Amino acid sequence: MESALRIALIDWLASDPLLAPLLNSITEEVPTRTSAPWLAVATSASIDWSTKDRRGREVRVALELHLRGEEAGESADLAALVADRIETMPAAHPSFRLVSAQFLRGRAEQRANLRRAVLLEYRFRLFEA
């Protein structure tokens, strides 16, 4: 279910008419030849969240947003668009049902050469479809 969630999450983010035009890439892995701004799944991990009669997983996903610029506001605005889109992800998917999506933590940092990075970590709870 973890892999299916990652794929569905990337597809959902990439289909956003507000977010997608602002990013050069929205991928499951860190792009090797894409210039900023881009968004990718940095890592994920899952644990059992089953009940007596249903298989389930709790999946933690960390997303990395990379951009260039001096202004922190631009990275905050893009991160807010990502968060807004995640919160509207539909529940029904072919191999799982999304029970909940919860923001856990974020981190933003200024790097050398006017690069910025934002890390957004979420917890998703799923049942097998």
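**View 1. Two helices and five strands make up the secondary structure of the chain.** Helices (H or I, at least four residues) and strands (E, at least two) are DSSP runs, numbered from the N terminus. From that end, the order is α-β-β-β-α-β-β. The radius of gyration, taken over C-alpha atoms, is 15 Å, close to the 14 Å of the globule rule for 129 residues, so the chain is as compact as a globular protein of that length. That rule is 2.2 Å times the number of residues to the power 0.38. This is a predicted model: local features need pLDDT of at least 70, side-chain atom pairs count only at pLDDT 80 or more, and totals for chains, interfaces and linings use all residues. Residues are numbered from 1 along each chain as its sequence is written, and side-chain values use heavy atoms, without hydrogens and water.

**View 2. Helix 1 covers residues 2-14.** Which residues of helix 1 are buried? They are Leu 5, Arg 6, Ala 8, Leu 9, Ile 10 and Leu 13. Buried means under 20% relative accessible area (1.4 Å probe, protein chains only).

**View 3. Of the 129 residues of the chain, 39% count as buried.** Contact means heavy atoms within 4.5 Å. Among contacts with a separation of 6 or more, 59% come from residues 24 or more positions apart.

Conventions:
Buried means under 20% relative accessible area, exposed over 50%, partly exposed in between (1.4 Å probe, protein chains only). The expected span of a helix is 1.5 Å times one less than its number of residues.
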